[in-house]
Amino acid sequence: DQIGDAAKKLGDASYDFAKEVDWNNGVFLQAPGSFQPLKALKAIDKMIEMGAAADPELLKKAADAHHKAIGSISGPNGVTSRADWDAVNAALGRVVASVPKQKVMDVYDAVKDITDPKVPAYMKSLVNGADAEKAYQGFLEFKDVVAANQVTTASAAAAVPTGDKIGTAAKALSDASYPFIKDIDWLSDIYLKPLPGKTAPETLTAIDKMIVMGSKMDDNLLKAAAEAHHKAIGSIDAKGVTSPADYEAVNAALGRIVASVPKQTVMDVYNSMAKIVDPSVTNNMFSKVNPLDALSAAKGFYTFKDVVEAVQ
Ligand code: DGD
Ligand code: CLA
Ligand code: PID
Ligand code: PID
Ligand code: PID
Ligand code: PID
Ligand code: PID
Ligand code: PID
């Protein structure tokens, strides 16, 4: 297809740049400017809306392309192979083309809103500047091909199951855990801190398992889960906490996507995360909330998971 051909040209223009970026640099975990959690949440919300509107098959292919690309990483900078670099760009170009232009621009504008204008120049200063300019020129040509292949109308909303066992169980889970949710400081910057003692390649291994799980999920249920998060973001209070009803809808939606993949795929995520999360992290989280609320939430989760497993 045209986007695939254009991605090869984009690769010619941008792979030198890709090799020069230090993908393992911890700077990419930081907010791209001053820390503004509510504005950042707005930007994430725009990404959620774009993801929910995207063609699910193309999203899966993009997830698969990333998984494959992780497998061909080499060298100290963590760069993927030329072929996989091109494949990721092609896959993402197709995802972008599957949503109306305005949804893409809404993401750009919202991210721009939390990005200090000095950030692009700083990023450029870390690589050969001429190669960055060549890459950007390539991006500008690529985006014209994407725009020429872009849809103009958004897809229909997902169908949300009703009266299912997971939905019923989600009510009990939500009742048991909402006090805990209210105890958590959602606007803290602690969630942007590096995991103690873990390198980027180690962390990427765990993220890879999530990418694999995402790619196996039921299309409609994944879309519904994105839409439930978007709705929940719309009802947050000043401390970032969503309403009980929207919280329950998120739990139900996530239970359903977990049930839509094999148990082992879920356990692969859990086990890889358990390897990189030091117990001091969990204990620190626990120390900041009411312990009885946390224990009630944990009990609710362990009951919920049996219902999920039964329909998995
Ligand atoms: C950039 C963009 C990269 C900056 C990286 C910041 C992104 C941070 C993302 C954090 C998001 C939160 C997610 C994390 C969640 C964690 C949860 C725990 O360098 C601009 C200005 C605005 C920049 C910010 C907006 C970036 C938006 C990027 C998309 C968002 C994607 C998603 C994010 C992440 C999540 C992924 C899953 O656009 O951009 C560089 C440009 O900066 C440079 O400006 C451009 C002008 O826009 C353009 O108009 C033009 O002037 C150009 O061109 C210069 O500069 C000139 C000529 O016109 C060209 O013809 C050519 O010759 C060129 O020069 C050659 O040099
Ligand atoms: Mg990504 C984007 C890393 C998994 C879906 N992703 C980005 C970039 C960053 C990144 C490089 C955001 C920051 C930025 O804009 O820099 N993703 C990244 C990592 C992983 C991952 C490390 C780990 C596996 N992503 C992942 C998965 C999905 C996505 C699983 C779901 C399938 N990701 C996704 C989308 C988008 C990203 C839809 C974006 O739109 C965003 C992006 O790249 O926006 C431009 C700048 C970007 C780069 C350095 C890489 C692109 C290079 C281009 C082709 C040429 C360079 C041009 C110029 C020099 C800089 C960009 C200017 C900009 C205005 C276009
Ligand atoms: C400018 C000036 C003009 C010239 C110009 C110009 C530039 C415009 C630009 C630009 C626009 C632009 C847009 C970009 C958009 C990037 C969008 C990224 C989206 C990320 C998503 C992440 C996610 C997921 C995912 C799916 C999940 C939901 C999420 C489900 C169902 C200024 C050059 C025209 C870069 C969607 C993918 C996993 C949230 O206009 O003169 O330069 O860049 O998890 O969904 O699971
Ligand atoms: C524009 C203007 C509108 C019209 C429009 C428009 C286009 C927007 C577009 C577009 C946005 C867009 C985004 C693309 C992004 C590509 C990002 C590629 C990233 C590749 C990576 C590869 C890799 C790896 C990996 C992880 C490793 C690092 C690497 C570590 C820690 C402008 C059409 C709407 C194409 C990250 C995965 C292995 C490098 O908005 O008018 O057309 O395209 O090895 O991580 O090692
Ligand atoms: C300039 C002027 C214009 C021309 C121009 C220009 C240059 C702009 C540039 C540039 C922008 C730019 C951006 C780059 C972005 C790279 C993003 C990489 C993201 C990598 C990540 C990696 C990671 C992980 C991971 C998970 C870990 C955290 C991390 C935990 C809990 C100035 C040329 C357009 C290079 C996200 C995945 C392992 C961080 O605009 O005229 O030149 O470069 O380790 O999670 O640890
Ligand atoms: C233990 C001991 C026993 C008792 C026990 C026990 C506990 C086990 C546990 C537990 C397992 C467990 C699993 C959990 C799994 C969480 C998985 C999260 C996945 C996240 C994903 C994110 C993503 C996306 C997304 C889609 C995108 C890709 C991504 C596309 C196509 C120890 C109690 C049995 C919590 C998948 C969703 C946006 C990456 O066994 O005695 O306690 O918890 O962006 O894909 O867009
Ligand atoms: C288990 C054992 C195996 C069998 C198995 C199994 C089950 C795994 C499961 C499961 C995992 C799982 C995960 C669930 C997660 C629910 C998470 C809910 C999050 C809700 C949030 C709501 C909100 C918001 C929001 C953003 C705001 C904050 C809030 C800010 C900054 C164990 C079956 C495989 C159900 C976050 C979105 C508005 C609070 O593996 O043997 O069964 O379920 O307002 O952000 O303000
Ligand atoms: C313990 C002992 C057992 C019993 C037990 C127990 C407790 C465990 C606990 C606990 C674990 C725990 C975890 C918590 C996790 C909270 C995670 C919140 C994430 C929030 C995010 C927010 C955000 C954003 C956002 C984007 C911004 C960045 C942020 C940028 C660029 C010990 C009870 C089981 C509470 C990610 C979305 C706005 C950060 O196990 O016997 O009690 O709590 O602003 O992006 O700015």
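**Notebook: two ligand sites**

I started with Lys263, where a polar side-chain atom sits 3.5 Å from an oxygen atom of ligand 7. I noted that the model is a predicted one.

On its own, ligand 7 has 990 Å² of accessible area, and the protein covers 81% of that. I then checked which elements give two or more residues to its shell. They are α10 (219-233), α11 (244-259), α12 (263-276) and α14 (291-311).

Which residues come nearest to ligand 7? I counted 23 residues around it, and Gly240, Thr242, Asn251, Lys263 and Val308 come nearest. I looked at the backbone too. A backbone N or O atom of Gly240 is 2.6 Å from a ligand 7 oxygen atom. For Thr242, a polar backbone atom lies 2.8 Å from an oxygen atom of ligand 7. I sorted the shell by class and got 15 nonpolar, 5 polar and 3 charged residues.

I moved on to ligand 5. Here I found 16 residues around the ligand, with Pro120, Ala121, Met123, Lys124 and Tyr136 coming nearest. Lys124 has a backbone N or O atom 3.5 Å from an oxygen atom of ligand 5. The protein covers 66% of the 1,000 Å² of accessible area that ligand 5 has on its own.

Which elements give two or more residues to the shell around ligand 5? I listed α6 (119-125), α7 (129-148) and α9 (200-216). The largest share is from α6, with 4 residues. By class, I recorded 12 nonpolar, 2 polar and 2 charged residues in the shell around ligand 5.

Terms used:
Residues are numbered from 1 along each chain as its sequence is written. Chains are lettered from A and ligands numbered from 1 in the order in which they are written. This is a predicted model: local features need pLDDT of at least 70, side-chain atom pairs count only at pLDDT 80 or more; totals for chains, interfaces and linings use all residues. Side-chain values use heavy atoms; hydrogens and water are left out. A residue is near a molecule or strand if one of its heavy atoms lies within 4 Å of it. A polar contact is a pair of N or O atoms within 3.5 Å; within protein, one must be able to donate a hydrogen and the other to accept it, and residues adjacent in sequence count only if both atoms are side-chain atoms. Accessible areas come from the Shrake-Rupley method with a 1.4 Å probe; for residues, only the protein chains shown count as cover. Ala, Val, Leu, Ile, Met, Phe, Trp, Tyr, Cys and Pro count as nonpolar, Asp, Glu, Lys and Arg as charged, and the others, Gly among them, as polar.
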